Amino acid sequence: MSKLREKLNDLDGEQCALPLALEAMGERWSFMILRAAFNGVHHFEEFQQELNIARNILSNRLSKLVEHGIMAREVMVEDRRKVQYQLTEKGIALLPVMIALRQWGEKWGAGVPSTPVLVDKRDEQPIGPVTITAHDGRPLSYKELVWKHRSELQPLGQARARNDALSSVAAE
C-alpha cells in the first residue's frame, strides 16, 4: 500500500491551499511590503521611501494585497489626497509566516540573529522559534508527521486506542 501524499499538480488550490497563498503572497516585494506594514509603515510614500521600490511595482503589489484582503486601503479623512494602508485580520494572520521565514533566514541564510529582535512585550525576552505543534502543544519533528485524508481522521480517544493496539501487536 502506498503512502498518502499531496496531489502535487493541484495548482488551483482545490486540495491544498498553498498555491492560493502563493498567488496572494508569492513574491519578494509583497513580503517586503508586509514587513514594512508590520513595522508601522502605512502610506504609499513611506513604503516607497523605506523600501526604495519603484512606484509602479509598489502600486501593483499594494493593489494585489488589497485585492486579496491582506491590506485595506483607506482614504484619509483629514486629507482626501492621502491614502493609508492597514493590515487586515487576514494580513496580521501572516505574522507567524513572516517570523518563520525570518528565523529560517537567520539560520540558513545570514547565519546570525537579526536585529532588532522581536520580543514578548510582557517580559521583553526574544520569542521562541516557530515550530510545528501537535493538537496538545507538543513540538513535532518532520519524522513525526504523516499525511492523512480528512475522511480518515478519528476522534482523539479512538485514534489513540487504535495506535496503542497497533503498537502492542507490533511488539509481539
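In which strand does glutamine 84 lie? Glutamine 84 is in strand S2. With a relative accessibility of 15%, it counts as buried, where buried means under 20% relative accessible area, exposed means over 50%, and partly exposed covers the range in between (1.4 Å probe, protein chains only). Leaving aside residues up to four places away in sequence, glutamine 84 touches His42, His43, Ala72, Arg73, Glu74 and Met76; a contact means heavy atoms within 4.5 Å.

The model is predicted: local features need pLDDT of at least 70, side-chain atom pairs count only at pLDDT 80 or more, and totals for chains, interfaces and linings use all residues. Residues are numbered from 1 along each chain as its sequence is written, and side-chain values use heavy atoms, with hydrogens and water left out.

## Overall architecture

The chain contains 7 helices and 2 strands. Helices (H or I, at least four residues) and strands (E, at least two) are DSSP runs, numbered from the N terminus. Along the sequence the order of elements is α-α-α-α-β-β-α-α-α. The chain has 172 residues, and 20% of them count as buried. Among contacts with a separation of 6 or more, 41% are between residues 24 or more positions apart. The accessible surface of the chain is about 13700 Å², and carbon and sulfur atoms account for 55% of that surface. Accessible areas come from the Shrake-Rupley method with a 1.4 Å probe; for residues, only the protein chains shown count as cover.

## The strand pair

Strand S1 spans residues 71-75 and pairs with S2 in the antiparallel sense over 5 bridges. Two strands pair if DSSP finds at least two bridges between them. Within this pairing, alanine 72 stands opposite glutamine 86 in S2.

## Salt bridges

The whole structure holds 5 salt bridges, a salt bridge being a side-chain nitrogen of Lys or Arg within 4 Å of a carboxyl oxygen of Asp or Glu. Three of these pairs are listed here.

| Arginine 61 | Glutamate 27 | 2.8 Å |

The salt bridge between arginine 61 and glutamate 27 links distant parts of the chain, with its partners 34 residues apart. Arginine 61 is in helix H4 (residues 55-67), while glutamate 27 is in the loop between helix H1 (18-25) and helix H2 (28-38). Arginine 61 counts as buried at 19% relative accessibility, and glutamate 27 is partly exposed at 23%.

Arginine 102 and glutamate 106 both belong to helix H6 (residues 95-110); they are 4 residues apart, which means a separation of about one helical turn. Arginine 102 is partly exposed, with a relative accessible area of 37%, whereas glutamate 106 counts as buried at 19%.

Arginine 122 is exposed, with a value of 72%.

## Backbone exceptions

Most residues other than glycine have a negative phi, and most peptide bonds are trans. Asparagine 52 has a positive phi of about 55° although it is not a glycine. Asparagine 52 is in the loop between helix H3 (44-51) and H4, and it is exposed, with a relative accessible area of 66%.

Glutamate 124 also has a positive phi, near 55°. This glutamate is in the loop between H6 and helix H7 and is exposed at 61% relative accessible area.

Threonine 115 and proline 116 are joined by a cis peptide bond, with omega about 5°. Proline 116 lies in the loop between H6 and H7 (156-171).

## A nonpolar surface patch

Ile132, Tyr142 and Leu145 form a nonpolar patch on the surface, and their accessible area together is about 360 Å². Patches are made of residues with over 30% relative accessible area and no salt bridge; like charges are joined within 9 Å, and nonpolar side chains (Val, Leu, Ile, Met, Phe, Trp, Tyr) within 5 Å. Tyrosine 142 is located in the loop between H6 and H7. Its relative accessible area is 73%, so tyrosine 142 is exposed.
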